Amino acid sequence: PDQPVTSYTLITEGAPIAVNSHGGRAKCLQRLTRLNMPVPRTVALSFDCVRGIAQGQVPDAKDMLASFGDRPVVSVRPSSEDPDWGGPGAILNIGMNAARHKVMAEELGQEAADRLYTRFVQSYAVHVARLDPDEFEVDDSDSADALKRVLEAYEFECEEEFPQDPAHQLEEVLRSMARAWEGTTARLLRQAKGAPADAGLGLVVQEMIFGLGSGECGSGVIRFINPQTGHRQIEGRYKRQSQGRDALDGDAVFLQKDARGTSMEELCPKCYATLTGYGASLREKLREEMEVEFVVDNGELRILDAIRVQRTSPAAVRVAVDLANDKIIPREEALLRIEPRALTELLHRQVNPDAPRDVLLKGIAASPGAATGKIVFSATAAQASQARDEACILVRRETAPEDIRGMHAASAVLTERGGMSSHAAVIARGLGLPCIVGASDLKLKRKEKRLILPDGRELGEGDLITVDGSSGDVLDGAAELLEPTLEDGFRTLLTWAEDVSDIKVRANADTPADAEIARRFRARGIGLCRTEHMFFEHDRLTLMREMIFANSPDDRAAALDRLLPMQRADFKKLFEIMRGERVCIRLFDPPLHEFLPHTREGMRELAGALDLPLSDVERRVKALSEFNPMLGMRGVRLGITVPEIYDMQARAIFEAAAEVSAEGQAIIPEVMIPLVSAMREVEIVKARIDLVAAQVRAASGVEFDFRLGVMVETPRAALRAEEIAPHVSFLSFGTNDLTQMTYGLSRDDAGRFMSEYVRQEVYAEDPFHTLDTDGVGELLEIGAERARRSQPDVTLSICGEHGGNPESIAFCRQAGFDYVSCSPFRVPVAWLAGAHLAL
Ligand code: PEP
Ligand code: MG
C-alpha cells in the first residue's frame, strides 16, 4: 500500500506477490517461475497501479519495455483476485510496427510476420481504439492482403497512421484495459458473482514467445481434468504455427496420441513429456487443478500462463475430494473449498430423456436442471405464488436487479433475450435455479400477460410449463422429471461434513418420497412432518369433511376411526424409511375451514356427497370462516377445542411405533404441538396424549417410549419458555410463524410489498428468507436461554424455512441449538454449512 501508484514488479525479483494486491494470475506466474518452469519475462502491475492508470496516471512504458530487451514485443493479460470475476481479454503482440514487421519477415518468414502484425492491429483497433469489429474482419488465406486491409481500415477510421511507437501502444493498451474494468457492465457482472464493489484488477505484461517460425513451433492449452465432471483426464489442444488461444478454435491436433489423428505427443515427444510432468507437479505444489497455456518455440517448451480450471460445481466437489484422497490437501480444506450453496447445483432434477417431450420453444441452456411450474410474468407474481406454495416459472423479456426476489421465489426462469452471461443467467446459476435465456422465438405480450409461441400457440399466466435448463427446451405441461443421481465424490464430501459438523441436520418431510430423499442426504431424522398434508388426498378429504360436519361426538369419532388406519400407515412408512432415526410428527395445525369448499359449485357437490341440505353446508362454511385465520382456530387451539383430532393422531403415531418396534426396529416417536402460546395448553394436551400412550401400550403389549415437544411459533411461547420447558423434551422454533407474528406481517400477503420495503431499505432482507437475527433472533435466544434455565437437557432446534440457510445455521449454532431441520434438498447444504462453522 505504501508503493507509489505507478509501481510495477518483475515477478522474478522482489517480495512474494499477493493475490489481493496483484491478482491470481500474477501470483501464479511467480509461483511457476519459482518452480523453475520456463516462463518468459513477466512484469506485474498492482491493483493500485491499474486504478491509477484508469485515472490517467500511466507509468512510463518506455522504461517498462526497456526491461524486455531492445526489440520488445509483449502481451498484456488481466489478473483479478478471483478468476471468476472476469476482466478484459488478453492483448498480444504489442510492439509490432512496420520496422519490427520487416525484421520478423526476415527471421520468421513473411507469412508469420504478416499474421502477427495483422493480429495486433485487429485487437488494438477493436479493444483499444474501440472501432467496429466488422471493419477488421479478415480472411486468413492471404496474409499480406489482410495486413494491408486492416492498416488501411485503421487509417480510414481514425484518420491517422497506425501508432508505431511501442511505448505509446503499450500505454494505450494498459489504459483501455484499466478502464474496461471500471465499466458498468463489467462491474455488474462481477458483483453478481460475488465480487466486492471495490474489487481491483492487476495486469501482467509478458514477453511474447511467438509459436511461429522455423522448427517445431506452435501453441496450446492443456488441463488434466474434465471441467464438467472433474474426472482426471488430459484435455486440450495444440496447434502448430499458432499463438494465444488459437488452438482452441479448431484445426488443432490432439495432445495425447490418438487413433483419430496427429498429436503433439508424436510431433514433439520431449515437450509433451515435460508438459505432463509439469501438470503433475503443479497439482501437487499449487494444490489445484490448473489449465496451462504453453508455446513450443523451435522445439523448446515455454509456459506462458496457468489458471485454475473453471469448473462446474459437481467437478469442484470431485476435484476437492480427489485432492484430499491423494493427501495433497487435508479433508478439512476439501470441505472448505466448496461453498455450501453450490451443492444445490448437484441436486438438480432432470427431464426423463426417455419420456415423450412436447417442445414448445428452444433457448440457450443457461443454468442446468429442470423444473415445472405455472407461468408468471412479474417478480411480484412469483412471490405471491411462492406464498401460496405454488411452483412458478418467471418469464421476462430479460431480468434486472429488481427481479432477484422474484427469481428467489420462482422454480425456474425463462427470458426472451440475453446470453450466457446475461443477468438472468448469472443470477440463476448462482441460485442453482434452472434457467433458459435468449428464447428469441417467443413473443412476450407483457401487458396482456400472454406468450406467443413460434407455432402460433398462446400461453397465459397460470399455464403449466417445464423449463429444461440443461437442454434449453421449454416443454408443455409437467414433464416427467428424474431425481438427481449422486456421484460418489458428493457422497464422500457429505460424510466428511457430517463427521465434522457439531450441529445436526434433520429434514422437513411429509411423505415417504421426501423421507427417502432426506435419508439419501444423510438427514439425521425428520425434524418436522406436517401431518395436515396427509389429509389433502382425495379420499381422505371427504372423510375429513365428514369429521368437520359431524353433529355429535359419536359421528365425529366414527369419521376419525376411519382416518386412523390411514394415518397409522403413513407413520409406519416414515418410521420404516428412517430406520431408527428420530421422526418428529407435528399434530394437526391449519384451521379446519381450509378443508371446506369455498365456491357454490363445490359446496353443492359436498352437500350431495354428505347427503346434507346445501344450506347446512353454507352455514357451516360461514361459521368456520375467520377474518384472520392465521391468528385463529388453528394449531393447539384446535387441539384444545376439538381434542378428538389430536387423540386420533397420537393413537396412530403410537400404534405405528408399537408395530414397527414389535418388528424389531425400536422407534421413539416425537410428537410436537404447534402454535403454543401458554403453558396450560401444553399441560392439557400432554395429559391426553399420555393417556393415549398408556392405552396403546396396554392394548399392544409393546413398551415403547416417546418424546413430547412444543413448537415455539408465537412470541409468547419464546418469552414463557422457562415455564413451558419442564413439561416437554424438546422445543422447535417455527420461524415462519414466529417471523410473521414478531413483525405482525402476513406470510401469505407480504410478497405484495416486500420488494418495495427492501428497495427502500426498510428491511435489509425479506425476513421470511433470511432470519431476522436482530428481532426474531432475539426471541430465539431468549427462548433458548429461558428453556435451558428450567430444563438444561431440553433439545433445541429450528424447523422454519430458515433452517437450511447457512447464516441462520450459524446463528442457531451460536445460540446452542442441537439441530436444524430443513427441506430435504437443503440438507447437504446444511451439513456443509455446519462443517464450515465447526472448522
Ligand atoms: C413455522 O411456522 O415455522 C413452521 C415450521 O410451520 P409451518 O410453516 O407449517 O407453519
Ligand atoms: Mg407454523
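Asn 736 sits in helix H28. Keep in mind that this is a predicted model. Setting aside residues within four places in sequence, Asn 736 contacts Arg 747, Phe 768, Gly 800 and Glu 801.

Next, Asp 737. This residue is also in helix H28. Asp 737 counts as buried, because 23 C-beta neighbours lie inside 10 Å. Not counting residues up to four places away in sequence, Asp 737 touches Leu 675 and Glu 713.

Now the ligand. Around ligand 1 we find Leu 528, Arg 530, Asp 589, Glu 713, Gly 734, Thr 735, Asn 736, Asp 737, Cys 799 and Gly 800. Two elements give two or more residues to that shell: strand S24, 526-530, and helix H28, 735-743. Which gives the most? H28, with three residues. By class, the shell has two nonpolar, four polar and four charged residues.

What does the record say? The UniProt entry is unreviewed, and under "binding site" it lists Arg 530, Arg 586, Glu 713, Gly 734, Thr 735, Asn 736 and Asp 737.

Back to S24. It belongs to a barrel of eight strands, closed in the order S23-S24-S25-S26-S27-S28-S29-S30, with parallel pairing. From one strand to the next, the twist averages 25°. S24 pairs with strand S25, residues 583-586, in the parallel sense over three bridges. Ile 526 stands opposite Val 583 in S25.

Last, the helix on that pair. Helix H20, residues 553-578, lies across S24 and S25 and runs at about 155° to S25.

Conventions: Residues numbered from 1 in each chain as written. Chains lettered and ligands numbered in written order. Predicted model: local features only at pLDDT ≥ 70, side-chain atom pairs only at ≥ 80, totals over all residues. Near = placed C-beta within 6 Å. Helix = DSSP H or I, 4+ residues; strand = E, 2+ residues; numbered from the N terminus. Nonpolar A, V, L, I, M, F, W, Y, C, P; charged D, E, K, R; others polar. Pairing = 2+ DSSP bridges. Axes fitted to C-alpha atoms, helices over the stretch in contact; angles between N-to-C directions. Contact = placed C-beta atoms within 7 Å. UniProt positions renumbered as here; feature names shortened; annotations may be inferred. Buried ≥ 20, exposed ≤ 12 C-beta atoms within 10 Å, placed from the backbone.
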